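Dear colleague,

Please find below the structure that I am handing over to you, followed by an account of what was found in it.

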Amino acid sequence: MADLLQKANKKILLGNEAIVRGALEAGVGFISTYPGTPASEIGLIFFEMAQQKLKEKKKPSFYFEFSTNEKTAMEAAVGASFCGLKTLVAMKNFGLNVASDALMPFLYTGTNKGACVLVVADDPSCHSSAQSEQNSRPFSYMAHIPTLEPGDPQQCLDFIKEAFKISSKMSLPVMVRTTTRVAHQKMPVSIAKSIKQKANSKAQIKFIANKHQYVTMPPRVLEMKEELLTKIEKIKDLAEKSPLNKVEFANSKKTTGIIASGVGYLYVKEALKELNIELPLMQLGFFYPLPEKKIKSFLKKLTQVIIVEELEGFIEKEIEAIAKTANPKIKIFGKNVLPQTGELRPEQVILAISKVIKKRLKPFEQINFRPVKHLPRFCTGWPTCPYWKLFAAVKQAAPKQTIFGGDIGCYMIAALPPHNLYDYLSCMGSSVGIAHGIKKATQNKQKVIAFIGDGTFLHSGIEALLNAVYNQSNLLLIVLDNSITAMTGHQPNPSTAKTGMGLMSHPVKIEEVVKALGVQNIKVLDQEEEYEQLVKTIKDFSNKKDVSVIIARRICGLLAKRNLKK
Amino acid sequence: MKNKDFNLIVAGVGGQGLVTLLNLVSEAAFSEGLDFKTSELHGLSQRGGSVSVFIRFGKEIFSPIVPKAKANLVIALEEQEALLALEFSSQETIFIINKFQIPTLAENLSSKQIENVLERYKRRSCFLPASDICQKEFSNNVVAGVFLLGYCLGKGLLPLEKKSFEKAIELVLPQKHQALNLKAFELGVASSQKTYVLCNFNPLW
């Protein structure tokens, strides 16, 4: 990772590094996150900085934590904002689904004297995501959360700072939505000469009771909604004047214009360079609320407009509505020339523009060859990934016709060859919840083994297991406990006994949690040392009348390797 | 060359050090005052799976992804991965391919099959046993990528200065790995004058 505290005018930064740098420049004091690609580095950088400070016996200018899930991360930021701190919360797209329950009322209460910037990273093309190709932007409408969309690392830094400004000014959380190609893009970034120290002095950080503002009970809650809508109107005015919504080539005589957002903006710039033309171009740095007046005056001069945005065309729908009064005859192109599925590619944008302006392009060479792909696999070498042995034992021991439920983590890889294991795989924590539903529906006639990692179990598996015990399932759950959140870059979790600040904590023993939930059949085994016993236990537990849990505990191979080197 | 955008794709398998190569090239471009954009992938896609990283540099660069057919140079750290970059290449593209295979856990392509595909699409390609050379010379084949960077530089396939790379190695890599990487890089540069390379076209070099 880049040294983000180093003094320089320009620095090569990854989008996520630029987000951290921007937050530091804005005076962030409190950061909470749950790791998820493509947002994971944000937390890792703060973790590294905190550990470095600890080594130097210095106090960092911020508090940082890996929360147990995105909802608890969000709630922590709500509390810290109430106390007047500038807070940053980071997560991947699906994390927002989990956090949304805490987010919605946060817009009603506001951030008081503090501020909150919520970074949400979508993953078009699902490079590092199962589950769905989620476009998180409709959350902006649902929560009425002001939302910015940077396109490159420089914008990541600038937009984060702007987001903190808006948040402080309007006392509302602000969302910054990135995508994989923004978060994992590098470029030379201009940075501030120095990082401002924490904006708040210690004396100012205090929860000052204000029941009127923090208790969202009816009838007050409806007043709060009105207040929120009024604030959004004010932010619309901000958006109208904001340089984040910028128009280029405004003096072009061309009557075809382009409105672009996120990384789509970069592909448009690339396309215009490639086609050697200058079309009026508007980048919408604001996704919500939109600068309607600015858009209206942009549309007025045009006969056609192309909307370039990744995934579903939400901006396109808005533009259609705005055009009805501004320029009803304008032809609007968007998802009829660009795909809704998969990330955008520069050549798709080049093709779309040339199609609309009727410029002929040399056709691309047809390549009909399908290359073979290396699929992700469990790590090899020594010490090896403990999952190889675990899944071997499962295959050896599980009764025929057993249904296997997967979950989110490195062990997802067992869905791929040579394992081809899972019969279903959905969202975080769902291996258990869905297993329970199958058990109940089939009246226990089909055997189900669900798998979950330690991180995911502690994220959202606990509730599902409690439900299964309470409602008398007899599923078998195997917890793959490598005591770390491995896939996203080895972040500690409650079973690791280390906090985001690098401090040692009391490790949560999963067997104790499981026991407290009421599970009767529990076994903790090391798949490497106690392989035969593991096989025997899987056979044995597959025939139990109530819920069983096996905790397969062995350190992640990569970590073991790292420890050996130390 | 310097006035034109240069598009480099490094293709390989997660764990082969692709992001390090990306960092070296961008640091070199940065020190020469060039604009650049890169794109890399993390997470699930990195666990031993196919990964391509993009580095584009020039006067003013916008897209972090190399547009279709626009790659100038493809460095493949694994043979089969070269073909995954096919869609980004044209007959102008040069493929520098590590004669080295990591088996996929399903279907695999032989070296001959890979050569045939490149031939079919008239792609200019050179195979060289970078991993074997590095294993033999340094008992370490992870530096094969840095070796190939040196090779491309020596052949004039990468429009950047040698000293920019030497500086980049110092800036990007932890001190304990610098000496080995510099050696591998130098060997790559020196090897660009040797003939054990198998090319399907008559290089001007």
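Predicted model: local features only at pLDDT ≥ 70, side-chain atom pairs only at ≥ 80, totals over all residues.

Residues are numbered from 1 along each chain as its sequence is written, and chains are lettered from A and ligands numbered from 1 in the order in which they are written.

I begin with the two chains. Strand S8 (residues 185-190) of chain A pairs with S2(B) in the antiparallel sense, over 2 bridges, and A:Gln185 stands opposite B:Ser39 in that strand of chain B. Counting two residues as in contact if their C-beta atoms, placed from the backbone, lie within 7 Å, the contact between the chains takes 39 residues from chain A and 40 residues from chain B. On the side of chain B that touches chain A, helix H1 (18-31) and strand S2 (35-39) of chain B are the elements that give two or more residues, and S2(B) gives the most, with 4 residues.

Chain A itself is divided into domain 1 (10-241), domain 2 (245-356) and domain 3 (387-565), with bounds that come from an automatic or database domain assignment. The C-alpha centres of domain 1 and domain 3 of chain A lie 32 Å apart, and the contact between these domains takes 21 residues from domain 1 and 20 residues from domain 3. On the side of domain 1 that touches domain 3, the elements giving two or more residues are helix H2 (40-55), strand S3 (63-66) and helix H4 (93-109) of chain A, of which H2(A) gives the most, with 8 residues.

Chain A also holds an open sheet of 5 strands, in the order S9-S11-S10-S13-S14, with mixed pairing. Its edge strands, each pairing on one side only, are strand S9 (245-248) and strand S14 (331-333) of chain A. S9(A) runs antiparallel to strand S11 (residues 281-284) of chain A, to which 4 bridges join it, and A:Glu248 has A:Leu281 as its bridge partner in S11(A).

With best regards

Definitions and conventions: Pairing = 2+ DSSP bridges.
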